[in-house]
Amino acid sequence: MIRINEHYLKLKASYLFADIARRVAAYQSANPDRKIIRLGIGDVTEPLPESVIAAFHAGVDEMAVAGTFRGYGPEQGYDFLRELIAREDFQSRGADISADEVFISDGAKCDTGNIQELFAGDIRIAVPDPVYPVYVDTNVMAGRTGQNVGGRYEGLVYLEGTKANGFIPALPTESVDLIYLCYPNNPTGATITRDQLKTWVDFARANKALILFDAAYEAFIRDPQLPRSIYEIEGAREVAIEFRSLSKTAGFTGTRLAFTVVPKDCMAFDAHGNPHSLHAMWNRRHTTKFNGVCYPVQKAAAAVYTPAGKIQSKALVDHYLANAAIIRAEMTALGFDCVGGENSPYVWIDGKMGSWEFFDMLLNKAAVVCTPGAGFGACGEGFIRISAFNSSANVQEAMDRLRSVLK
Ligand SMILES: *Cc1c(COP(=O)(O)O)cnc(C)c1O
């Protein structure tokens, strides 16, 4: 008899986006002529930069000719891309990362979900609340939690993000082995300072713990005081793995290219306390279970690091940041407390009522779709997330509608 991994039965069905879709569809069928503006999505809307498209085309053309055709490439990614990333994203900021510590992949979702395979089944895990659900669900699937009781999994340590702490959780008071952090944060848009991040690195070093640092939104950081990589913090090479993605940085959500940085100094321990290289383990995992990103996509990704590509991808991010600034300014003027939207595409708003209540009001009165914060964890109740991923015209129109409904 073929049996299932029963840990899957513990997963709470993800009602969030299905629920949103159902309510939006119901509204649209009752109001067929009303134009709905969607500010709920975490997906980019603008096309790929010109130089990326040119390199993508050139890569495809190379595949059409015997002399330049390529079959399987290195699983970890082509050197031309790994070297560019190490130099441009890390060394240029004083972060000591070498090309062979960069693993190219087809997504930060996959990598943040797969990395847990390297760790023991009985480690103690700290996850933020509110949270990007991938970190939690992949550990549930792997059997590292108990049941979901009242919206929280037994056995996990929840790091509470609240208005009082500015959605930068306090250090855990109990000892933990694995810590998930994401800054700039999805869903709250909160950013972490160098000093705050250093307290986490110091905590990890003192506790022989490991930080999984999701920096998918680093390109949205404009404040030069904020760290763009955890490796800007002294000592992080020993205790942190960083996840990056071109998805939000350069419009690659449908094209797929991300990378994970595993420094060679990063160690984890066996039952006898002997250290083992996580770089070697991730390399083993990656080469066994992954066969590399499509060559034209890697060529397209390399174009992001050319002078023209940098200007064009920055313009893309600037477009979304301008939207975020409008959303934040409007909501603040309407009397709502906001986090994010300054170095992040997300504005996290205290709705002063239930998350779903606020969602329904915006949908029914303004035909604007947001994301209810409660969908990201218990601490998200009472908040909504408005995303800047849309055209300027749509964002402006959405804000005009909100103003007439909320003032
Ligand atoms: C969008 C996003 C990613 C990127 O995922 P990809 O699989 O690279 O598209 C990673 N982490 C967070 C928190 C995100 O919101």
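Trainee: What should I know before I start?

Mentor: The model is predicted, and local features need pLDDT of at least 70, side-chain atom pairs count only at pLDDT 80 or more, while totals for chains, interfaces and linings use all residues. Residues are numbered from 1 along each chain as its sequence is written, and side-chain values use heavy atoms, with hydrogens and water left out.

Trainee: How many aromatic pairs are there?

Mentor: The count comes to 19 aromatic pairs, where rings of Phe, Tyr and Trp (its six-membered ring) pair if their centres lie within 6.5 Å, and planes under 30 degrees apart count as stacked, over 60 as edge-to-face and the rest as tilted. One of them is the edge-to-face pair of Phe 80 and Tyr 295, with 6.3 Å centre to centre and 90° between the planes.

Trainee: Where do Phe 80 and Tyr 295 sit in the chain?

Mentor: Phe 80 is in helix 3 (residues 79-90) and Tyr 295 in helix 9 (residues 295-303), so the pair links distant parts of the chain, 215 residues apart; helices (H or I, at least four residues) and strands (E, at least two) are DSSP runs, numbered from the N terminus.

Trainee: And is Tyr 295 buried or exposed?

Mentor: Tyr 295 counts as buried at 5% relative accessibility, whereas Phe 80 is partly exposed at 28%; buried means under 20% relative accessible area, exposed over 50%, and partly exposed in between (1.4 Å probe, protein chains only).

Trainee: Why is the pair of Tyr 135 and Tyr 180 stacked?

Mentor: That pair counts as stacked because the ring centres are 4.9 Å apart and the planes are at 20°. Tyr 135 lies in helix 5 (residues 133-141) and Tyr 180 in strand 7 (residues 178-182), so the pair ties together parts that are 45 residues apart in sequence. Tyr 135 is buried, with a relative accessible area of 1%, and Tyr 180 is buried, also with 1%.

Trainee: Switching topic, which residues are closest to the ligand?

Mentor: The closest are Asp 214, Tyr 217, Ser 245, Ser 247 and Lys 248, among 15 residues that surround the ligand, each with a heavy atom within 4 Å of it.

Trainee: What does Tyr 217 do with its side chain there?

Mentor: An N or O atom in the side chain of Tyr 217 is 2.6 Å from an oxygen atom of the ligand, which is a polar contact (a pair of N or O atoms within 3.5 Å). Tyr 217 is also linked by ring pairs into a cluster with Phe 220, Tyr 320, Tyr 346 and Phe 389.

Conventions:
Polar contact = N/O pair within 3.5 Å; in protein donor to acceptor, adjacent residues only side chain to side chain.
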